[in-house]
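Look at the fold below before reading on.

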Amino acid sequence: MPGAAHRVLVVGIDGVRLDTLHRLATPHLDALAAEGFLAPIEVDEETPTMSGPCWATVVTGVTVARHGVWSNDFTGHRLDVFPDFTTRLVVQDGLRTFVAAGWEPLLQSRTGGPLFAAPSRSVYVSPTADTAEAWERCDEQVTEAAVHVLADTSDSADDPVASFVYLGAPDETAHILGCGEAYEAAIRQADARLGRLLDAVRSRPSYADERWTVLVVTDHGHVDAGGHGGRTAVERTAWLAAAGPGIGTPARALRHADVAAQAFAALGRHPDRHWTLDGAPFAAAPHAVLLDMDGTLVDTESLWLRTVREAAPAIEPDDLFQALGRSAADTAALLRPEDPHTLTEELEARFLAAVQRETTALPGALALLDLLQELDIPAALVSASSRPVVDAVLKTLGADRFRTTVAEGETPRTKPAADPYLAAARALGVDPAACLAVEDSPTGVAAAEAAGCRVLAVPSYTPIAPGPRRTVRRGLEGIGRRELWAAGL
C-alpha cells in the first residue's frame, strides 16, 4: 500500500510458559499466529531468566552485555547508551510513542529504572497489593488506558506510531499461586485483553489507510511451582507472536533482541550502524531493490558463456565460469592479459549481437518487477555489461520499470567491486544497507555484499551458499511480499 502510515504495537505478557500456552484456548493470539507466526525464543545463554534482563533485551535490541541490566534491580545499567525503541524513535526521529505498564522498573526510577526512558506519552498504574487479584486489576487499568490511546486519532500530532503495553498478571499469579488453574486463567485473561487492544486498533477511523505490525512477546517461562531465574528448559523458553506487512514464518531461530529491530524495520527505520544492535528484523521492506541483469532477469548468461567460448575456444572450464558476472574488459584481461583490448572489442560485439537476437526474460522476472512497482519500491538495474547491451535488454524488460540503471564503465570499478551498487543506491537516495540486491553469480554477490546490501541470490551456473544477510533461492518465481520482506535478513 504505497504511502500508507505504518504503526507498531508491542504487547509484553510477562512469564507465559509456551507449553501452557499451547494447551489453552487463546483465540486472539491464535489469530495473530495464523496471520503471521508464533515461534519459540530461547533466552540467551548469558541472560538470567528474570524479567529485568529479558525485557531490557526485548525493548533495546541489545543483550545484557551491552544494556547492563542483570536483575530486577536496574542499578548500573547502560540504557543511556542503548535506549529502548520508544525513546530512540522520539529522540532521534521526533516520532510519537506510548508505553503503558504496571511493573515499577519499566516506568519508575526506583530500583534503578526506568527501562523506558523517554516515550512521548506513558501511563503507569501501580498495583494496590502484591496479590494475583491486584495485578489483574492493574492490567485491566493498563488495558483501558492503552485502548483509549490506541483508538483515539482526534489529535494526529499526538498519535503514537509505536506503542508498548505490558501485562504482568500471569507472571505474578505464577509466583503467588504456582502454574495451575489460576495461572492458566490469567493467561486467558491476558489474551482477552490483547483482543481489546487489537479491537481498539481496528476501530481507528484511519485504520484502512494504515499498516499495523503487532508483536506479542513473553520474557521467560516458569517452573511448575511458579518461580524462575534458573536454567531449565521451561524457564529459558519464551515465545513471540507476530503479524503485519510481509511477516510470515521466520526462516531462522528468533531472539529477544529481534523484537526492537523488527519494530524499527516495520516503521521503515533502518538502524544506524552506530546503534550496534544485537537483534535483526525478520521481515523488512527494502528501501530499494537493486537487480543484476545477466542471468538474474534475462537469460543472457548462456549467451555470454557461448560468446566467451567462441572467442577463446581453448578456454578451461574453471576460467570460463570465472567470466560469469564480469565485464568484457575484465574477462579479456583474465583470458588474454598480454593483449586484452582486441579481445574486449570482439567479446562486446559478439555478445551484443547475441543479446539483440535472443534475449528473453527469465521466469518470474517480470512478475517481480511488477510487484516492486505495485509496492512503490524503487528498482535499479545494476549490470557489469556495457551500456549498449543494457539498453538492448531494457527493450525486453521495459525501461520504465527501473528508476535508474548502472552499466559497465559508468563507475570507477565494476563488479566484484562495490562501486556499481553504491552508485545505484546513491542515485536513488537510499542507504545501501537498507537495499536488497538480487544476483545470480558469486562475483555479483561479492559486489553487493561489499556495498553492504542485503542479498537475494538466484544462482545460475555457479553454486552460492546461504550466509549472513544472504538468502538463496532457485529462481525468481513465486516471490511475493513475504519472500521479498524476508530476503537477506
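In what order do the 6 strands of the open sheet with parallel pairing stand? The order is E10-E9-E8-E11-E12-E13. Strands count as paired if DSSP finds at least two bridges between them. Strands here are DSSP runs of E with at least two residues, helices are runs of H or I with at least four, and both are numbered from the N terminus.

This is a predicted model, in which local features need pLDDT of at least 70 and side-chain atom pairs count only at pLDDT 80 or more, while totals for chains, interfaces and linings use all residues. Residues are numbered from 1 along each chain as its sequence is written, and side-chain values use heavy atoms, with hydrogens and water left out.

Strand E10 (404-406) and strand E13 (470-472) are its edges. Each has a single partner strand, so one side of each is left without a neighbour in the sheet. From one strand to the next, the twist averages 20°. Angles run from 0 to 180 degrees between N-to-C directions, and axes are lines fitted to C-alpha atoms, for helices over the stretch in contact. Strand E11 (residues 435-439) and strand E12 (residues 454-457) run parallel and are joined by 4 bridges. In that pair, Val438 stands opposite Leu456 of E12.

Now step back to the chain. Its secondary structure comes to 20 helices and 13 strands. The C-alpha trace spans about 85 × 45 × 40 Å along its principal axes. Of the 489 residues, 55% count as buried. Buried means under 20% relative accessible area, exposed means over 50%, and partly exposed lies in between (1.4 Å probe, protein chains only). Among contacts (heavy atoms within 4.5 Å) with a separation of 6 or more, 68% come from residues 24 or more positions apart.

Glu210, Trp212, Val214 and Val216 point one way from E6. Arg211, Thr213, Leu215 and Val217 point the other way, and all of these are buried.

With strand E1 (residues 5-13) it pairs in the parallel sense over 8 bridges. Val11 stands opposite Val216, and Val10 has Leu215 as its bridge partner. With strand E7 (residues 237-243), E6 runs antiparallel, joined by 4 bridges. There Leu215 has Ala242 as its bridge partner.

Next, the cores. In soluble globular proteins, nonpolar side chains tend to be buried together. A nonpolar core here is a set of buried Ala, Val, Leu, Ile, Met, Phe, Trp, Tyr and Cys residues joined through side-chain atoms within 4.5 Å. The largest has 130 residues, and Phe85, Val216, Leu291 and Leu484 have the most contacts inside it. Helix H9 (residues 181-202) gives the largest share of this core, 8 residues. A second, separate core of 21 residues includes Ala380, Val430, Cys435 and Val455.

Leu484 touches residues including Ala284, Leu368, Leu436 and Ile479, not counting residues up to four places away in sequence.

Helix H14 (residues 328-335) has three buried positions to look at: Ala328, Thr331 and Ala332. They cover an arc of only 100° around the axis, taken from the directions of the C-beta atoms, which puts them on the same side of H14. These residues pack against helix H12 (301-311) and helix H15 (340-358).

Last, the cysteines. A disulfide is a pair of cysteine sulfur atoms within 2.5 Å, and the count comes to 0 disulfides. For Cys54, the nearest cysteine sulfur is that of Cys179, 15 Å away. Cys54 is buried, with a relative accessible area of 0%. Cys179 is buried too, at 18%.
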